[in-house]
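Me: I've got a new structure open and want a quick tour. Can we go through it piece by piece?

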Amino acid sequence: MNFKDRIIRATGKKAPFRLIVVDLTATMNEIGKKHNAQGFALKLLAENSIASIFLSASLKFPGTVSFTTRFSGEITLVQSDSTPQGLVRAMIPQPELQAVGGNEPALIPQSVRVIKLNEQGKRVHESIIEAPAVSMGQNLATYLLQSEQIRSAVGIEAAFNKEDPSKLDYAAGFYIEAFPDLEDKDINLIEVIIQNLPKFCDMNTPEGFDLDELLDQLRGPYEIDIVKEIDPKAYCPCSRERTVATLATLPLKDLQDLEKEGKDLEVVCDFCRTPYQITLADLQSIIDERRKTKDERK
């Protein structure tokens, strides 16, 4: 039995459909620990990340998918970025995360925003829909139907440990995409399979989540080809150089105000919580470069 985190992509041998199953438990526990996330907030981070992974797994090119769910309430947004290689990062604004703690926040779903970038970082797709629910599976299926005209079935669920809410017992999900030529009789059969699917909690074992069991349940009577199996990883591409470059996009007056404070800055990445020290010399260099560019334009 294999209980490590995995993304398994498959297609029907005869029936035209795509099937993806994901176990992201250990990866999200790693990300959650960096954010000091627990309870329902940790669950949100994990479920939003699985939704992002389902979309990036379907990319026809190297790139990144950003899946952002917005709420009104004690948490305003959850953002997850992922790649077809299974790299993933996620964030909830840190002040909101710490204010909520292990409690279940009051949430009213507002919108889902999907941005797809190619390998050069160029935006190739952006779509925003009204979020129908707090459920990430329902939100993703609605997005796919409204924005990409894809018929799908999505199940996403994460559960935190009742004794230690800083850890997830499991974070898993499935995605079934019906290709345009899938016959109605097959669609009806797949619907029956999903309706009779065991609960996720029943597929969780003391050793870990049984992803193979989930895959076997979902395939039903259909033969499938495993296209690819990937080990997901927590990854953030931030660096000190990128942090300085982002700081350089601030208005010149804001940079000058920071310089007047006369002290170094600590900038913390929203996604991986890595702190970067920005010195006064860095600020002065940015300001000098901005002034030089401004003078050249005159």
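Me: Is Asp-212 buried, exposed or partly exposed?
Reply: Asp-212 is partly exposed, with a relative accessible area of 26%. Buried means under 20% relative accessible area, exposed means over 50%, and partly exposed is in between (1.4 Å probe, protein chains only).

Me: What kind of model is this, and how are residues numbered?
Reply: It is a predicted model, where local features need pLDDT of at least 70, side-chain atom pairs count only at pLDDT 80 or more, and totals for chains, interfaces and linings use all residues. Residues are numbered from 1 along each chain as its sequence is written, and side-chain values use heavy atoms, with hydrogens and water left out.

Me: Back to Asp-212. Which residue does it form a salt bridge with?
Reply: Arg-6. The closest N and O atoms of the two are 3.2 Å apart. A salt bridge here is a side-chain nitrogen of Lys or Arg within 4 Å of a carboxyl oxygen of Asp or Glu.

Me: Where do the two partners sit?
Reply: Asp-212 lies in helix 6 (residues 211-219) and Arg-6 in strand 1 (residues 6-12). Helices (H or I, at least four residues) and strands (E, at least two) are DSSP runs, numbered from the N terminus.

Me: And is Arg-6 buried or exposed?
Reply: Arg-6 counts as buried, at 3% relative accessibility.

Me: Which residues are linked with it in a network?
Reply: Arg-6, Asp-212 and Glu-229 are linked in a network of salt bridges.

Me: How many salt bridges does the count come to?
Reply: The count comes to 16.

Me: Why would such side chains pair?
Reply: Side chains of opposite charge can pair when their charged atoms come close.

Me: What about the salt bridge of Glu-47?
Reply: Its partner is Lys-43, with the closest N and O atoms 2.8 Å apart. Glu-47 is buried, and so is Lys-43.

Me: Which residue does Lys-253 meet in a salt bridge?
Reply: Asp-257, at 3.2 Å, N to O. They are four residues apart in helix 8 (residues 252-260), so about one helical turn separates them. Lys-253 is exposed, with a relative accessible area of 55%. Asp-257 is partly exposed, at 31%.

Me: New topic. How many disulfides does a search find?
Reply: Zero, in a search of the whole structure. A disulfide is a pair of cysteine sulfur atoms within 2.5 Å. Cys-236 is in no disulfide, and its nearest cysteine sulfur, that of Cys-269, is 3.6 Å away.

Me: Are those two buried or exposed?
Reply: Cys-236 counts as buried at 16% relative accessibility. Cys-269 counts as buried at 12%.

Me: On to the strands. What is the order of the six-strand open sheet?
Reply: The order is 7-6-3-4-5-13, with mixed pairing. Two strands pair if DSSP finds at least two bridges between them.

Me: Which are the edge strands?
Reply: Strand 7 and strand 13 (233-234); each pairs on one side only.

Me: How do strands 6 and 7 pair?
Reply: Strand 6 (residues 107-118) and strand 7 (residues 123-130) pair in the antiparallel sense over seven bridges. Val-112 stands opposite Ile-129 in strand 7. Their hairpin has four residues between the strands, and there Gly-121 takes a positive phi near 85°.

Me: And strand 3 with strand 6?
Reply: Strand 3 (residues 63-73) pairs with strand 6 over 11 bridges, in the antiparallel sense. Gly-73 stands opposite Leu-107 in strand 6.

Me: Which strands does helix 4 touch?
Reply: Helix 4 (residues 136-148) packs on the sheet and touches strand 3, strand 6 and strand 7. Its direction makes about 115° with that of strand 7. Axes are lines fitted to C-alpha atoms, for helices over the stretch in contact (heavy atoms within 4.5 Å). Angles run from 0 to 180 degrees between N-to-C directions.

Me: What about strand 8?
Reply: Seven of the 10 residues of strand 8 (residues 151-160) are buried, so it is largely enclosed by the rest of the structure. Strand 8 and strand 9 (residues 168-178) pair in the antiparallel sense over 10 bridges.

Me: Last one. How many helices and strands does the protein have?
Reply: Nine helices and 15 strands. Buried residues make up 48% of its 298 residues.
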